[in-house]
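Q: Please take a close look at one part of the model shown here, and describe it in a connected way.

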Amino acid sequence: MAGVGNKGRFMGEINVVPLVDVVLVLLIIFMVAAPMMVQGLDVKLPATDSAALKTTDEMLVLTVTQKGEVYLDEFQVGLDDLAEKLKNITARKPGTKVYLKADKDVPYGVVVQVLAEAKKAGVDNLGMVTEPQRVPPPEKKKKS
């Protein structure tokens, strides 16, 4: 008989095993999906020692790859069409923050062209994304 203990008494406990199973499955899903939520493409960013920004607003990532290809989030855009697309996006969502991720090996001239197109489109909030500089841990003092 369901719900009855082995001595004929009703069980006064809640079986939490199915709940723990569901929580663990959700935890695994979020752990796998979280790294995929990074916007833009993967490029080698220059390292700086500036502090990371905390962002809660929706942002637009403008990526310049090592080959000089330009992407708006995950979509490739020609340099000629960049200003028009940025202008359309910022017209629909005023105050949109645009973050520029340029590969550290891309020629400086290409980055300047992308910045000029963003300026031409009227982008006011433009940030540069960099890799935080890794600082070696301090050496431990030896006891003498």
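Which strands does helix 3 lie across, and at about how many degrees does helix 3 run to strand 5?

A: In this predicted model, helix 3, formed by residues 108-120, lies across strand 2, strand 3, strand 5 and strand 6, and its direction is at about 170 degrees to that of strand 5. The strands in question belong to an open sheet of five strands, which are arranged in the order 4-3-2-5-6 and show mixed pairing. Strand 4 (75-77) and strand 6 (126-128) each have a single partner strand and stand at the edges, so one side of each has no neighbour in the sheet. From one strand to the next, the twist averages 30 degrees. Helix 2 (residues 79-92) also packs on the sheet, where helix 2 touches strand 2, strand 3 (70-72), strand 4 and strand 5, and the direction of helix 2 makes about 15 degrees with that of strand 3.

Within the sheet, strand 2 (residues 59-64) pairs with strand 5 (residues 97-102) in the parallel sense, over six bridges, and Thr63 has Lys101 in strand 5 as its bridge partner.

Turning to helix 1, which spans residues 17-33, one finds Leu27 placed there; Leu27 counts as partly exposed because its relative accessibility is 46%. Leu27 also takes part in a nonpolar patch on the surface, which is formed together with Ile14, Val16, Leu19, Val20, Val23, Leu24 and Met31 and has about 800 Å² of accessible area in total.

Key
Residues are numbered from 1 along each chain as its sequence is written. This is a predicted model: local features need pLDDT of at least 70, side-chain atom pairs count only at pLDDT 80 or more; totals for chains, interfaces and linings use all residues. Side-chain values use heavy atoms; hydrogens and water are left out. Patches are made of residues with over 30% relative accessible area and no salt bridge: like charges are joined within 9 Å, nonpolar side chains (Val, Leu, Ile, Met, Phe, Trp, Tyr) within 5 Å. Accessible areas come from the Shrake-Rupley method with a 1.4 Å probe; for residues, only the protein chains shown count as cover. A salt bridge is a side-chain nitrogen of Lys or Arg within 4 Å of a carboxyl oxygen of Asp or Glu. Helices (H or I, at least four residues) and strands (E, at least two) are DSSP runs, numbered from the N terminus. Buried means under 20% relative accessible area, exposed over 50%, partly exposed in between (1.4 Å probe, protein chains only). Two strands pair if DSSP finds at least two bridges between them. Axes are lines fitted to C-alpha atoms, for helices over the stretch in contact, and angles run from 0 to 180 degrees between N-to-C directions. Contact means heavy atoms within 4.5 Å.
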